Amino acid sequence: MTPFYVAPEQLVRDKAEFARKGIARGRSIVAIEYEDGILLLAENPSLSLHKLSEVYDRVAFAGVGKYNEYETLRKAGIRQADVTGYLYSRRDVTGMGLATAFSQTLGQIFSHEQKPFEVEMLICEVGMEPSENRLFKITYDGTLYDQRQVTAIGGKSEALEEALREGFEEGMSLQAAFDLGVAAFRTAEDRDPDGWEIAVLERGNGRRTFRRIDPDDMSPT
Amino acid sequence: MKINPDRPLPLDAPLPGSSFSDLISSLGHAPAVDVTTRVEGKLETPHGTTVLALRYEGGVVMAGDRQATEGYLVAHRHIKKVFSTDHFSAVAIAGTAGLAVEMVRLFQTELEHYEKIEGTRLSLDGKATFLSRLVRNQLPMAFQGLAVVPLFAGFDDIESLGRVFSFDVVGGRYEENDYGSTGSGSRLAKSYLRGAFQPDGTEEAAVSTAVGALVAAADEDTATGGPDLIRDILPNIVAIDSQGIRDVEEGLIRTAAETALGGVR
């Protein structure tokens, strides 16, 4: 049987469209820098299936799209980080190193596999100083974006980012950052949210800076 | 599993997939050293000596002296033998210091790795079982005289109480009812604890009992270093309760050491 010829441009376009459709179905996540660190806010109706996770002392992961796919990536990131930190030193695990590893992996899967991963993800690293914070966004095809102050992933990421940039101020309190995130979701989604998953990377938390916040303990003012 | 240069993340892991030590073994970084031939003569390596843990109302206190010996010599005066392993547990080590410290590092990474992958901590029993596996893996080294014997303590959030586990060189795991101790001065420390232990005492009382037991051990065991107020060398002590683990304040340890040493004089 003669295989059909498909132009590479067509193939890539089809794969990208497929992945984007999958991601658009998922609920979005935003990351906002505040005075003591980085706030991660995800719309998530489930209390047990997390979209936000600790990766290492100063690094957190957020993923949208297909649960089993970003869960595979999350676990792989934790493995990579723990192995590096164990073989060398805890300080040798950086957000940059992890983000490039994710980017290469997703890029490889996009070009070599039949079906690309339908995910978008964030790798956030809280620095010793606010100027050393890092927000990396990685898309389904492995494209890596280095972002500042605010970022968003998921179906409504563009509208969310725009709303966040408008309201962002440097040195905001946690509550102000949370309010900004909630307001951005309202603007972008134009509906009531289904429940929040909240986590922070906070400079004052000791060695492990990641902390989950109970949504009941935090309400928009 | 090998890390593929084109796909740098370890996407698949050995079953059950949440164990860090299985992961590094599969990557070829296992810390185990296989000693197949018997070494003539004794290998002189720094040894740690007396460590102990005792329960009190609502928690557990763990303490260790600071001295490492090499034969009849003092190798280090400031070494640390009590390590927090996660938010609710700690390990104290006795035996070959170099191997013990590495074992603790692997144990700490294992607990944190499991917690991050699974989204929940191992139970206290689960942690103790895993530690006994690490001790058992050292058995070939123990036959060469390089034994590591840890002591494990933590707060059990299911039972809501502090618990103490001791181990032997083959990895046997024994839960202690009231207190446990290991190392060359452990017999002396235990006879002190037998008389002084109060099951429903406060944390402060448990700290002074722990310091008293270390002073008693250092008094008659040449390999145990007691509190040294001239050089300001104080035992490492941690307390673990429902709020988690924390280092006991130095001032409190110093006062307890002064009292205990005064009693000896």
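**Why These Words Apply: Strands, Pockets and an Interface**

Guide: In chain B, β2(B) and β3(B) form a hairpin with two residues between them, and Gly58(B) in the turn has a positive phi of about 90°. The model is predicted, with pLDDT of at least 70 required for local features and 80 or more for side-chain atom pairs, while totals for chains, interfaces and linings use all residues. Residues are numbered from 1 along each chain as its sequence is written, chains are lettered from A and ligands numbered from 1 in the order in which they are written, and side-chain values use heavy atoms, without hydrogens or water.

Visitor: What makes β2(B) and β3(B) a pair of strands?

Guide: A strand is a DSSP run of E with at least two residues, a helix is a run of H or I with at least four, and both are numbered from the N terminus. Two strands pair if DSSP finds at least two bridges between them. Strand β2 (residues 51–56) of chain B is joined to β3(B) by six bridges, and the two run antiparallel; they therefore meet the criterion for pairing. One of the bridges sets Arg55(B) against Val60(B) in β3(B).

Visitor: Which other strand of chain B is joined to β3(B)?

Guide: Six bridges also join β3(B) to β12(B), again antiparallel, with Val61(B) opposite Ala239(B).

Visitor: Why is β3(B) described as mostly covered?

Guide: A residue is buried under 20% relative accessible area, exposed over 50% and partly exposed in between, with a 1.4 Å probe and protein chains only. In β3(B), residues 59–64, six of six residues are buried. Gly59(B), Val61(B) and Ala63(B) point one way, Val60(B), Met62(B) and Gly64(B) the other way, and all are buried.

Visitor: Why does Asp190(A) count as exposed?

Guide: Asp190(A) has 68% relative accessibility, over the 50% limit, and is therefore exposed. Asp190(A) lies in the loop between α5 (174–189) and β9 (196–202) of chain A.

Visitor: What is the phi of Asp190(A)?

Guide: Asp190(A) has a positive phi of about 55° although it is not a glycine. Most residues other than glycine have a negative phi. Ser160(B) also has a positive phi, near 60°, and is found in the loop between β8 (148–156) and β9 (161–167) of chain B.

Visitor: What covers the two faces of chain A's strand β1, buried or exposed residues?

Guide: Ile29(A), Ala31(A) and Glu33(A) on one side and Val30(A), Ile32(A) and Tyr34(A) on the other are all buried. Strand β1(A) spans residues 29–34. Six bridges join β1(A) to the antiparallel strand β2 (residues 37–43), and a hairpin of two residues connects them. Four bridges join β1(A) to strand β8 (residues 150–153), also antiparallel. Ile29(A) stands opposite Ala42(A) in β2(A) and opposite Ile153(A) in β8(A).

Visitor: What makes a space the largest pocket here, and what is its volume?

Guide: On a 1 Å grid over the protein atoms alone, a pocket is an open set of points where a 1.4 Å probe fits, with protein on both sides within 12 Å along at least five of seven lines; lining residues have an atom within 4 Å of a point. The volume of the largest pocket is about 780 Å³. Among its 35 lining residues, the closest to the centre are Lys80(B), Phe83(B), Ser84(B), Thr85(B) and Gln108(B). Elements giving two or more residues to this lining include α2 (67–87) of chain A and α2 (97–118) of chain B.

Visitor: What is the volume of the second largest pocket, and which residues are closest to its centre?

Guide: The second largest pocket holds about 550 Å³. Of its 20 lining residues, Glu54(A), Phe210(A), Arg212(A), Glu115(B) and Gly119(B) are the closest to its centre. The largest contribution to this lining, four residues, comes from α2(B).

Visitor: How many residues of chain B are in contact with chain A, and what area is buried?

Guide: In chain B, 26 residues are in contact with 28 of chain A. Buried area is the accessible area (1.4 Å probe) that two parts lose on being put together, summed over both. For these chains the value is about 2,400 Å², 58% of it from carbon and sulfur atoms. Leu9(B), Leu11(B) and Lys116(B) lose the most area in chain B, together 28% of what that side buries.

Key:
Grid points are joined across faces, edges and corners, and a volume is the space filled by probe spheres set on the points. Contact means heavy atoms within 4.5 Å.
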